[in-house]
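These are my notebook entries on side-chain contacts, kept in the order in which I looked them up.

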Amino acid sequence: MTPLSRRSFLAAAGTTALAAAGGALAGCSAADDGKVHLELFQFKSEAIGLFDRICDEFNAANPDILVTQNFQADNVTSLRARLVKGDMPDLVTINGDYNYGALARTGVFADFSATGLLDGVNPTVGGILNTLGTGAEGETNGVAFADNGSGIIYNKDIFDTAGLEPPTTWAELIEVCDELQAQGINPFYWATKDNWTGAPAFSSLSGSFLTDGVAAWYERRRVIDGRTSFRELTPVFEKMLRAYQYGNADKAALGYNDGNQGFAQGKGAMYWHGTYAIPAIRSYNPDINLGTFATPAEDPADTKVVSGVDVAFTMGKDPAHPEESLRFLRHVMSEASMSAYCDEQTAYPTLTSLTADDPALEGLQPYFDDERLATYSDHNFPQAITLNAYIQKYFFDGDLEALISTLDTQWDKVIRRINETA
């Protein structure tokens, strides 16, 4: 789906519908039981039970309000359809990606900058949402609840047996790969049949390579004047392809779930995915001894961890029940609720007063503590640019010139169209 510009959104929805989004038609109003009924529009299938418990705890402590979860797997598509009808849910969970930014720029989300909900949130993490899009200058239209970290997952037992330590520079990573290969161990376990599985390597490498900031580079690239090209990311693409040579021979035939299972079975020493993959890996082998380290730059001083707001909370610009909705958001942003979620989902909390307790997350935690974070490169791509397919093709054929030419051509075409309708 082509991302919504403000103009195209208004044309599709109508000014009246947009004004009503999150307003009088939003969610559920007070029912016969005298309570204010709020809908929690929630997209994480693996967290349905947890959010039910969070809602139950809140409802018990607030007898005048009843919050009910509405799980929607394809939440962005469902949300767009409801916005066209002027039917904004009371409370929304959403992933902090391009779709979030496209919706925020239409002005349909509330501004949380003066609510106090951002107090205590890691400012670098919270600011990631603003780099994706805001309804107006100075606004913050989402509250970051939980993060993932994109680096490299590794099998601690394999590293210990091989006598290796996590690398801190790119040169050391290649040395580790060579040593593992010499010992008959697959350095990486790749599974690239699903085309998106190459994107983590692209994002984590570019996060450190773009030393002036990922968001700043893509902002420059949105100006179609021929001065900025994806050719500038050549070192990133070259490193991706080099690392792809270190691994299992059947990588092109394996999907993401195959990769999780194979890595859990010890078929490779490293797995280039974000921390979101850890629960899936453990589902195949609960006893696997996992660790993480940041994808190393040439100079350790440049190394950053790419982090995305895995779950953000938002609500409509003009909510039907603002006080009650904010009361729930304060409950969900409490240390107790956030810790419960992050412990269960192997995620990083956004509150600076909390740290990740899972041993597998310890390797990346210092980067969160020091705010040495970057946003995902792929979150800056409109869906009309099929980045994942282009990266997959590059992994398979190694044609760097074709990749750069395709990215530049497709980016210019899509961004020019978006700019013209904004």
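The model is a predicted one, in which local features need pLDDT of at least 70 and side-chain atom pairs count only at pLDDT 80 or more, while totals for chains, interfaces and linings use all residues. Residues are numbered from 1 along each chain as its sequence is written, and side-chain values use heavy atoms, with hydrogens and water left out.

**Salt bridges.** I found Glu 139 joined to Lys 317 in a salt bridge at 4.0 Å, N to O, the term standing for a side-chain nitrogen of Lys or Arg within 4 Å of a carboxyl oxygen of Asp or Glu. Lys 317 lies in the loop between β8 and α14 (322–332) and Glu 139 in the loop between α6 (123–132) and β4, so the pair ties together parts that are 178 residues apart in sequence; helices (H or I, at least four residues) and strands (E, at least two) are DSSP runs, numbered from the N terminus. Lys 317 itself is partly exposed, with a relative accessible area of 43%.

I then noted a salt bridge between Glu 39 and Arg 82, whose closest N and O atoms are 2.7 Å apart. Glu 39 is in strand β1 (residues 36–42) and Arg 82 in helix α4, 43 residues apart. Glu 39 is buried at 10% relative accessible area, and Arg 82 is buried at 16%. Together with Asp 87, these two residues are linked in a network of salt bridges.

**Aromatic rings.** I counted 30 aromatic pairs in the structure, taking rings of Phe, Tyr and Trp (its six-membered ring) as paired if their centres lie within 6.5 Å, with planes under 30 degrees apart called stacked, over 60 edge-to-face and the rest tilted. One of them, Phe 51 with Tyr 341, is tilted, at 5.8 Å centre to centre and 40 degrees between the planes. Phe 51 belongs to helix α3 (residues 48–61) and Tyr 341 to helix α15 (residues 335–345), 290 residues apart. I recorded a relative accessible area of 1% for Phe 51, which is buried, and 1% for Tyr 341, also buried.

Conventions:
Buried < 20%, exposed > 50% of the residue type's maximum accessible area, 1.4 Å probe, protein only.
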